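Here is a short report for a reader meeting this structure for the first time. Take a look at the sequence and the model before reading on.

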Amino acid sequence: MKKLIVFFPGAGYGMDCPLLYYADFLFETNGYERIHMNYQNILARVEMSLEERLQALREYTWSQVQNINFNEYEEIVFLSKSVGAVEAGIIAEKLEVPVKQIFLTPVEEAAAYLRSDSCVVIGTNDKAYRFYKTCCEEKSAKALYIEGADHSLEVAGKPYESIKVLESVMRFIENEG
């Protein structure tokens, strides 16, 4: 069975950060082919307006996936972090194949792409927590709410608790992915 996971990082949270690094490791060991979007350089271009950066981001992400034959995969997962959830949602809507979405601390704009088969992981100290708690309930999406965790899914001042959070997130996405 061919399986594919595509990673859509956050603006300041790349593949070398714990959540995405270990998710990549996890999916690799579970036999997934992996594709990493790498657009932090686009989002960091301060000489461009926000609108120009978002347009460049959309063009980049589409260019990275448009030539993939998604029909050859029996399972496709998009795992996204923060603003990456918007990009993952846009791409999933354009494709004509089922995609499992896993949103890690999505920004509010990604809610338009939340479906009943989506998964959301968000901390109670993330500014979008209450918003997504309501959205997940309304759309019957699976959710993992991390008590005391922030937008990076870390617990401020508590490194060992943050490591436990990382493990619970990996177990959740492994079971739901």
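## Overall build

The chain holds six helices and six strands. This is a predicted model. Read from the N terminus, the elements run β-α-β-α-α-β-α-β-β-α-β-α.

The chain has 177 residues and a radius of gyration of 15 Å. A compact globule with that number of residues would come near 16 Å, so the value agrees with such a shape. Along its principal axes, the C-alpha trace spans about 45 × 45 × 35 Å.

## Inside and outside

Buried residues make up 51% of the 177 in the chain.

Among contacts with a separation of 6 or more, 58% join residues 24 or more positions apart.

## Helix 6

Helix 6 covers residues 159-176, which makes 18 residues. From its first C-alpha to its last it reaches 26 Å, close to the 26 Å expected at 1.5 Å a residue.

Which residues of helix 6 are buried? They are Ser162, Val165, Leu166, Val169, Met170, Phe172 and Ile173. These residues cover an arc of only 165° around the axis, so they sit on the same side of helix 6. An α-helix has 3.6 residues a turn, so residues three or four places apart point the same way.

The face turned away from the buried side of helix 6 carries exposed residues: Tyr160, Ile163, Lys164, Arg171 and Asn175.

## Helix 4

Helix 4 spans residues 84-94. Nine of its 11 residues are buried, so helix 4 is largely enclosed by the rest of the structure. The buried residues are Gly84, Ala85, Val86, Glu87, Ala88, Gly89, Ile90, Ile91 and Ala92.

What do the buried residues of helix 4 pack against? Their partners are strand 1 (3-8), helix 3, strand 3 and strand 4.

## Aromatic pairs

The chain has six aromatic pairs. One of them joins Phe27 and Tyr32. Their ring centres lie 4.8 Å apart and their planes meet at 80°, so this pair is edge-to-face. Phe27 and Tyr32 are both buried.

Tyr39 and Tyr60 form another pair. Here the centres are 6.3 Å apart and the planes stand at 75°, so this pair is edge-to-face as well. Tyr39 lies in the loop between strand 2 (32-36) and helix 2 (40-43), while Tyr60 is in helix 3 (residues 50-65), so the pair ties together parts 21 residues apart in sequence. Both Tyr39 and Tyr60 are buried.

## Lys158

Lys158 belongs to the loop between strand 6 and helix 6. Is Lys158 buried, exposed or partly exposed? Its relative accessibility is 45%, so Lys158 counts as partly exposed.

Lys158 and Glu52 are 106 residues apart along the chain. Their C-alpha atoms are separated by 38 Å.

Conventions: Residues are numbered from 1 along each chain as its sequence is written. This is a predicted model: local features need pLDDT of at least 70, side-chain atom pairs count only at pLDDT 80 or more; totals for chains, interfaces and linings use all residues. Side-chain values use heavy atoms; hydrogens and water are left out. Helices (H or I, at least four residues) and strands (E, at least two) are DSSP runs, numbered from the N terminus. The expected span of a helix is 1.5 Å times one less than its number of residues. Buried means under 20% relative accessible area, exposed over 50%, partly exposed in between (1.4 Å probe, protein chains only). The arc is that of the directions from the helix axis to the C-beta atoms. The radius of gyration is taken over C-alpha atoms; the globule rule is 2.2 Å times the number of residues to the power 0.38. Contact means heavy atoms within 4.5 Å. Rings of Phe, Tyr and Trp (its six-membered ring) pair if their centres lie within 6.5 Å; planes under 30 degrees apart count as stacked, over 60 as edge-to-face and the rest as tilted.
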